[in-house]
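Open the model in your viewer and keep the selection tool at hand. Each stop says what to select and what is there.

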Amino acid sequence: MGSIWRISMKLGAESVLLYLSPSLNGDALLRGANFASAGVGILNDTGVQFANIIRMPQQLQNFVQYKNRVAQILGVDETDRLVAEGLMSITLGGNDYVNNYYLLPVSARSVQYTLEDYTQLIVSEYEKILGQLYDLGGRRVLVTSTGPLGCAPAVKASRSRNGECAAELQQAASLFNSQLRSVVNRLNDEASAQVFTFSDNYSTNMGLFSDPAAYGFVNTADACCGQGSYNGVGLCTAASSLCRNRDAYLFWDNYHPSEKANRIIVDEFFEGSSSVMSPLNLRQMMKLDD
């Protein structure tokens with residue numbers, strides 16, 4: 001929710017509500033909706049350890065229902081225009097590694113596939129999801145890469161001996177991000193338009209790790225809220241160890257960036273160069289067809 005809220009602020013708009021919120025009606029419905037579900041992946045068997053997550057086929061169906069609800073207010077043509085001119089943001093992939101392929105020391109997927117073949121599988125399935133967003137009218141779609149998975153406190157707590165980022169998760173992130181960037185380029189070529197833009201969150205985050213003091217961070221290893229090694233074991237709860245100054249920490253909890261880190265990441269969405277935001281940053285994308 002942190003990035004979505006921050007993006008809304010940058011656009012000068014109110015943050016969108018969850019699609020299942022009972023308050024999502026009337027004017028709130030016309031501002032958009034958040035269809036995301038924590039723990040979900042590209043594959044339907046990702047996140048099986050979580051109860052009641054909303055997997056991608058249902059999220060896409062929810063979006064169809066959303067369009068129908070808006071059309072009852074605005075009509076079909078105006079709804080299509082609203083969707084085409086709006087900004088979509090999608091982030092998938094990380095959970096397919098940490099909550100699937102690497103969930104157990106020997107997982108079903110790691111027996112079934114090499115890392116390279118598994119990455120090709122999830123990227124090919126992701127391409128289908130992005131194609132569905134296009135078919136449903138999306139014309140300004142932010143596709144964010146996965147971050148440096150091996151550096152997350154949860155991963156380091158289980159896989160790091162001396163505080164280093166876990167090499168196998170870093171390799172997975174690099175493989176995935178490289179192939180996802182190629183998918184974005186190919187989809188844009190097929191559409192003959194700059195519909196999708198790719199955000200290299202991996203590079204943005206590694207910049208924070210490599211020179212934390214330049215951004216005001218004191219601790220890039222531990223989560224602000226958690227327990228165990230690197231404060232990376234389990235969820236952030238009322239019983240967790242809590243840091244005194246969350247703005248000094250790159251990570252809020254075992255996987256997610258702090259609010260300060262989110263601000264930096266979202267600033268890159270809007271102002272990043274073509275090496276990070278390709279082919280357009282969000283400021284450029286939102287000016288298309290103005």
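This is a predicted model.

**Stop 1**

Select Ser192. Its relative accessibility is 69%, so Ser192 counts as exposed, the cut-off being over 50%. Look at the backbone here: phi is near 50°, a positive value in a residue that is not glycine. Ser192 sits in the loop between helix 9 and strand 5 (196-199).

**Stop 1: another positive phi**

Go to Asn52. Its phi is near 65°, again positive in a residue other than glycine. Find Asn52 in the loop that runs between strand 2 (33-34) and helix 3 (56-74). Is Asn52 buried or exposed? Asn52 is exposed, with a relative accessible area of 77%.

**Stop 3**

Select residues 115-135, which form helix 7, and residues 167-191, which form helix 9. Their axes come within 9 Å and cross at roughly 35°. The crossing is right-handed.

Now show side chains along the contact. From helix 7, pick out Leu115, Ile122, Val123, Tyr126, Leu130 and Tyr134, among others. Across from them, helix 9 brings residues including Ala172, Leu175, Phe176, Leu180, Val183 and Leu187. Charged side chains take part too, among them Glu116 and Glu127 in helix 7 and Glu168 and Arg186 in helix 9. What is the make-up of this contact? Its residues divide into 13 nonpolar, four polar and four charged.

**Stop 2**

In soluble globular proteins, nonpolar side chains tend to be buried together.

**Stop 3**

**Stop 2: a cis peptide bond**

Finish at Ser278 and Pro279. A cis peptide bond joins them, with omega about 5°. Where is Pro279? Pro279 is found in the loop between strand 10 (277-278) and helix 12 (282-285).

Definitions and conventions:
Residues numbered from 1 in each chain as written. Predicted model: local features only at pLDDT ≥ 70, side-chain atom pairs only at ≥ 80, totals over all residues. Heavy atoms only, no water. Axes fitted to C-alpha atoms, helices over the stretch in contact; angles between N-to-C directions. Helix = DSSP H or I, 4+ residues; strand = E, 2+ residues; numbered from the N terminus. Left-handed = near helix turned anticlockwise from the far one by under 90°. Contact = heavy atoms within 4.5 Å. Buried < 20%, exposed > 50% of the residue type's maximum accessible area, 1.4 Å probe, protein only.
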